[in-house]
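Here are my notes for your reading of this model. Keep the structure open beside them and look up each residue as you go.

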Amino acid sequence: MDIVVDHITKKYGTQRAVDDVSFVVKTGEVLGFLGPNGAGKTTTMKAITCFLMPNEGDITVGGHSIHNDPEKIKRNIGYLPESNPLYREMPVIDYLKFIAELHGIEKNKIQARILDMVNTCGLEGEKHKKIGELSKGYQQRVGLAQALIHDPQVLVLDEPTSGLDPNQIVEIRELIREIGKEKTVILSSHILAEVEATCDRILIINKGKIVADGTSGELRKQSQGREILKISVEEGDKNEIFKALQDLPNSEIVDFISKSDHSFEVQSKPNTSSKKDVFNLCVKKGWILTELTPTETKLEDVFRELTKK
Ligand code: ATP
């Protein structure tokens, strides 16, 4: 079931929390929604799940518009809100039964659905405990189970791993990836490693506007344009090598990587390469080149670059 977000704007007073945002998520895709605090992630997710109406624009989920068919959309969406509101006094099983009934699942199918969710979300050992007695990680699993119980085609998860420990984070990410094979999933996060590990595609939002859209590889490439080479040379005069690298036609910035050995970083001018020049230089000078490696732009750098304004 595809999600089509079409030029939505949501204003709070004079602030445009979401400002003319458009994107499409296809069935079987896990989209990571990344952005700093206050970027507009939650607001966009609330609009998709029909929790709030944008001032402008439309969203369709499986062809149904948020303006005309919000009930049909809600039936097809599983939503894990940011704060994961749960009834802490209810045992897990009773809570899931309650949610199943709210969703109108046929009575004779409810038991099977609950068992299915308990298995899928790894709640077997905890199912009889009160929700308030569960660890944060297991509460998050209950949140996921309630989002999935009516077998929705679309899953919207607002910071699904917030507050979890590293082991729980890995488990929840694996679960989301598994679920994402069949469903359309949008998840929000500030954690770059998380979206990189879990999502097929990343959308970066800043101050209500989309500033990047692509796979992590594509995003790195977009902001790259500049080649950075790590170079190591055996022996030779360090300062002479440094000077010679600086004099290469395409090199822009040369730096020592370490004071103790002969390793350098050479950043080339935009859209140029210094690989061949470095190699030819070393041959000409008789320097033994032991390393010539392009280093990757880190996703952190891309994120900082795009959201620093
Ligand atoms: P975070 O990562 O901190 O959860 P976010 O990207 O989810 O942030 P939103 O919660 O969508 O950001 O908020 C976007 C902007 O809209 C923020 O500046 C926020 O203060 C503002 N905002 C959100 N909800 C309301 C509201 N009900 N009334 C007024 N302003 C709001």
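1. Helix α1 supplies the largest share of it, 3 residues. Remember as you look that this is a predicted model. The elements that give two or more residues to the shell are β2 (15–25) and α1 (41–48).

2. Next, the shell's members. The ligand is surrounded by 14 residues. The closest are Gln15, Gly38, Lys41, Thr42 and Thr43. By class, the shell holds 4 nonpolar, 7 polar and 3 charged residues.

3. Now check the polar atoms. Threonine 42 has a polar side-chain atom 2.7 Å from an oxygen atom of the ligand. For asparagine 37, an N or O atom of the side chain is 2.8 Å from a ligand oxygen atom. Tyrosine 12 places a polar side-chain atom 3.5 Å from a nitrogen atom of the ligand.

4. How much of the ligand does the protein bury? Alone, the ligand exposes 640 Å². The protein buries 63% of that area.

5. Turn to the largest nonpolar core, which has 44 residues. Leu96, Val142, Ile149 and Leu157 touch the most other members. Helix α3 (residues 92–102) gives the most to this core, with 6 residues.

6. Take valine 142 as a worked example. Which residues does valine 142 touch, leaving out those up to four places away in sequence? They are Leu86, Val92, Tyr95, Leu96, Leu123, Ile131 and Leu134. Another core, of 26 residues, lies apart from the largest one. Its members include Phe33, Ala39, Leu52 and Ile73.

7. Look at the backbone of cysteine 50. Its phi is near 65°, a positive value in a residue other than glycine. Where is cysteine 50 placed? Cysteine 50 sits in the loop between α1 and β4 (56–61). Is cysteine 50 buried or exposed? Its relative accessible area is 10%, and the cut-off for buried is under 20%, so cysteine 50 counts as buried.

8. Asparagine 84 is not a glycine, yet its phi is positive, about 45°. The residue lies in the loop between β6 (77–80) and α3. Why does asparagine 84 count as buried? Because its relative accessibility is 10%, and buried means under 20%.

Conventions: Residues are numbered from 1 along each chain as its sequence is written. This is a predicted model: local features need pLDDT of at least 70, side-chain atom pairs count only at pLDDT 80 or more; totals for chains, interfaces and linings use all residues. Side-chain values use heavy atoms; hydrogens and water are left out. A nonpolar core is a set of buried Ala, Val, Leu, Ile, Met, Phe, Trp, Tyr and Cys residues joined through side-chain atoms within 4.5 Å. Buried means under 20% relative accessible area, exposed over 50%, partly exposed in between (1.4 Å probe, protein chains only). Helices (H or I, at least four residues) and strands (E, at least two) are DSSP runs, numbered from the N terminus. Contact means heavy atoms within 4.5 Å. A residue is near a molecule or strand if one of its heavy atoms lies within 4 Å of it. A polar contact is a pair of N or O atoms within 3.5 Å; within protein, one must be able to donate a hydrogen and the other to accept it, and residues adjacent in sequence count only if both atoms are side-chain atoms. Accessible areas come from the Shrake-Rupley method with a 1.4 Å probe; for residues, only the protein chains shown count as cover. Ala, Val, Leu, Ile, Met, Phe, Trp, Tyr, Cys and Pro count as nonpolar, Asp, Glu, Lys and Arg as charged, and the others, Gly among them, as polar.
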